Amino acid sequence: MRFFAVVFALAAAALLSACPRRTSESDGGGSDDAGYDPGTGYAFTGDIVLDDARVMDIDPATLRAGASACRAPILARVTRIVDGDTMHVMGLSEVLPDADIRFIGVNAPEIAHMPGDVPDCFGDNATVFTSQLNAHLVWLTFDVDCLDPYGRLLAYVHIGSGEGDMWQRQMVRRGFAHAIDYRPNSMYAALLAADQVTAEAEGVGLWTACP
């Protein structure tokens, strides 16, 4: 009982620690013109204003997930960004002290993980974009398989419940990642592929910056 009391106290403190934060053009957010529409969520241009209170209020049953999800949604706080499509979280709706999360359905350009590595074009940009999530709340939902060969949790990442609130869609539509069919976790592969077609046509992000 003492263990669970400590865990609950830590989770409560974490929930109270973060406030909404406005991102800027320089860190991937865009201009000041775009707001948040409760029906459609964030636009695919303009600022992203991360609001933990709004995330806490979400009914996870309204979030996109696989039809045969391997586990229930998890409310979590992001604790560390590894690169554009990988991060660590602390679970709040269940005890999950340090989970390594790999985003389903996208592949961001690689960064230099080791000295001497050469980063891919736009890898650092993608990492900066995803770094906006650091210290904020997100909902994680799942598809058929929960783990990849490296033991990482495979998840869809949500910052709201609208059409534009799946982080993977934001990454692809803004040109920070390629869409990939991560079988059998393919529930939204067609949607993300269509987002990539739009991003290519608009010439955003890596589609203009990279050869």
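Strand β10, spanning residues 153-158, is mostly covered, with six of its six residues buried (buried means under 20% relative accessible area, exposed over 50% and partly exposed in between, using a 1.4 Å probe and protein chains only). Please keep in mind that this is a predicted model, in which local features need pLDDT of at least 70, side-chain atom pairs count only at pLDDT 80 or more, and totals for chains, interfaces and linings use all residues. Residues are numbered from 1 along each chain as its sequence is written, and side-chain values use heavy atoms, with hydrogens and water left out. Helices (H or I, at least four residues) and strands (E, at least two) are DSSP runs, numbered from the N terminus.

**Strand β10 and its partners**

- Leu 153, Ala 155 and Val 157 point one way from β10, while Leu 154, Tyr 156 and His 158 point the other way, and all are buried.
- On the parallel side of the story, β7 (residues 96-103) pairs with β10 over three bridges; two strands pair if DSSP finds at least two bridges between them.
- Within this pairing topic, Phe 103 is the residue to look for opposite Ala 155 of β10.
- Strand β9 (residues 137-141) runs antiparallel to β10, and three bridges join them.
- If you follow His 158 in β10 across, you will find Trp 139 standing opposite.

**Two disulfides**

- A disulfide is a covalent bond between the sulfur atoms of two cysteines.
- The count for this model comes to two disulfides, taking a disulfide as a pair of cysteine sulfur atoms within 2.5 Å.
- With the bonded cysteines counted along the protein chain, the disulfides follow the pattern 1-3, 2-4.

**The Cys 70 and Cys 146 link**

- The sulfur atoms of Cys 70 and Cys 146 are 1.8 Å apart in their disulfide.
- This link of Cys 70 and Cys 146 is right-handed, with 95° about the S-S bond.
- The pair links distant parts of the chain, 76 residues apart: Cys 70 sits in the loop between α2 (52-56) and β5 (74-83), and Cys 146 in the loop between β9 and β10.
- Cys 70 counts as partly exposed because its relative accessibility is 31%, whereas Cys 146 is buried, with a relative accessible area of 16%.

**The Cys 121 and Cys 210 link**

- Cys 121 and Cys 210 form a disulfide with sulfur atoms 2.0 Å apart.
- Here too the pair links distant parts of the chain, 89 residues apart, with Cys 121 in the loop between β8 and α3 and Cys 210 in the segment after α6 (206-209).
- The torsion about the S-S bond of Cys 121 and Cys 210 is about -90°, so this disulfide is left-handed.
- Cys 121 counts as partly exposed at 36% relative accessibility, and Cys 210 counts as buried at 19%.

**Backbone spots to look up**

- Most residues other than glycine have a negative phi, and most peptide bonds are trans.
- Phe 122 is not a glycine, yet has a positive phi of about 75°.
- Phe 122 lies in the loop between β8 (106-107) and α3 (123-130), and counts as buried because its relative accessibility is 15%.
- Ala 135 also has a positive phi, near 75°, in a residue other than glycine.
- You can find Ala 135 in the loop between α3 and β9, where Ala 135 is partly exposed with a relative accessible area of 38%.
- The peptide bond from Arg 183 to Pro 184 is cis, with omega near 5°.
- Pro 184 is placed in the loop between β11 (178-179) and α5 (189-202).
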